[in-house]
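Hi everyone, thanks for coming. Please have a look at it first.

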Amino acid sequence: GWQAPFAEGDAVVGETVMAGIRRMDALLLGRRTYDIFAGYWPRHPETEIGRIFDTLPKYVASRNPGIALGWPGSTRIGEDLAAELRALRERHREMHVIGSLRLVRALVAERLFDELRLWVYPVVLGEGRRVFPEGSAPTSLRLLGPPVTADSGAVLLSYAPVPGIPETGMMGPD
């Protein structure tokens with residue numbers, strides 16, 4: 001995809017992404033991303049990512065109880081996502097979601113996340129699926145630290161949720 005040239009061609013992006021992958025102790029994926037990952041990473045154990053993903057527990061959010069999960073270490077969740085995530089948080093210190101746009105939207109809408117890491121790339125793709133489409137739940141966020149800026153112009157922004165809904169107001173002269 002379009003992200004690969006930035007991840008492979010920019011040391012800051014590559015190192016930052018790999019540092020996150022090395023820290024995680026579980027992977028939470030939506031069904032579509034799981035299918036993509038399960039079709040690729042088990043066939044690439046020669047790569048560091050392939051080795052790490054092979055050893056991690058993988059949780060797949062799906063409402064379909066009959067899905068087949070052939071990648072060893074994979075478990076379906078989704079009957080009660082909020083309750084299941086609370087239980088997983090007790091067992092894992094750092095669980096990451098990669099891709100999985102519909103899952104990310106659900107986690108944000110239900111405030112079921114501790115940190116939202118958004119990469120902004122210097123690329124305009126036009127129309128497509130958006131993280132925050134029209135109708136998204138209003139959510140206030142707090143920047144967790146200075147942005148990470150890569151040589152390619154990619155920027156990583158890390159946010160934590162803020163309780164409550166965003167405040168509004170008026171701007172202008174008294």
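So, to begin: what percentage of the residues of the protein chain count as buried? Of the 174 residues, 34% do. Buried here means under 20% relative accessible area, exposed means over 50%, and partly exposed is in between, with a 1.4 Å probe and protein chains only.

A word on where this comes from. This is a predicted model, so local features need pLDDT of at least 70 and side-chain atom pairs count only at pLDDT 80 or more, while totals for chains, interfaces and linings use all residues. Residues are numbered from 1 along each chain as its sequence is written, and side-chain values use heavy atoms, with hydrogens and water left out.

Now the overall picture. The protein chain has 6 helices and 8 strands. These are DSSP runs numbered from the N terminus: helices are H or I with at least four residues, strands are E with at least two. Reading from the N terminus, the order is α-α-β-α-α-β-β-α-β-α-β-β-β-β. Along the principal axes, the C-alpha atoms fill a box of roughly 65 × 40 × 30 Å. The chain exposes about 11200 Å², and carbon and sulfur atoms supply 55% of that; accessible areas come from the Shrake-Rupley method with a 1.4 Å probe, and for residues only the protein chains shown count as cover.

How do the parts of the chain meet? Among contacts with a separation of 6 or more, 67% come from residues 24 or more positions apart. Contact means heavy atoms within 4.5 Å.

Let's zoom in on helix α2, residues 11-23. With 13 residues, α2 reaches 18 Å from its first C-alpha to its last, close to the 18 Å expected at 1.5 Å a residue. That expected span is 1.5 Å times one less than the number of residues.

Which residues of α2 are buried? They are Val13, Gly14, Thr16, Met18, Gly20 and Ile21. Here is a handy piece of background: an α-helix has 3.6 residues a turn, so residues three or four places apart point the same way. The buried residues of α2 pack against several elements, including α1 (4-9), α4 (48-55) and β8 (155-162).

A salt bridge is a side-chain nitrogen of Lys or Arg within 4 Å of a carboxyl oxygen of Asp or Glu. By this rule the count comes to 6. One of them joins Glu48 and Arg22, whose closest N and O atoms are 2.7 Å apart. This pair links distant parts of the chain, with Glu48 in helix α4 and Arg22 in helix α2, 26 residues apart. Glu48 counts as partly exposed because its relative accessibility is 30%, and Arg22 counts as partly exposed at 47%.

Arg23 forms a salt bridge too, with Glu94, and the closest N and O atoms there are 2.9 Å apart. Arg23 lies in helix α2 and Glu94 in the loop between α5 (81-91) and β4, so the pair ties together parts that are 71 residues apart in sequence. Arg23 is partly exposed at 33%, and so is Glu94 at 23%.

Another salt bridge joins the side chains of Arg76 and Glu79, at 2.6 Å from N to O. Arg76 is partly exposed at 21% relative accessibility, whereas Glu79 is exposed at 58%.

Next stop, the loop between β2 and β3. Leaving aside neighbours within four places in sequence, Ile67 is in contact with Arg31, Val60, Ser62 and Arg76. Pro72 lies in the loop between β2 (58-61) and β3 (74-77) as well, but Pro72 is exposed, at 55%. Not counting residues up to four places away in sequence, Pro72 touches Asp54 and Lys58. From Pro72 to Phe132, 60 residues apart along the chain, the C-alpha atoms are separated by 32 Å.

Finally, Trp2, found in the segment before α1. At 43% relative accessibility, Trp2 counts as partly exposed.
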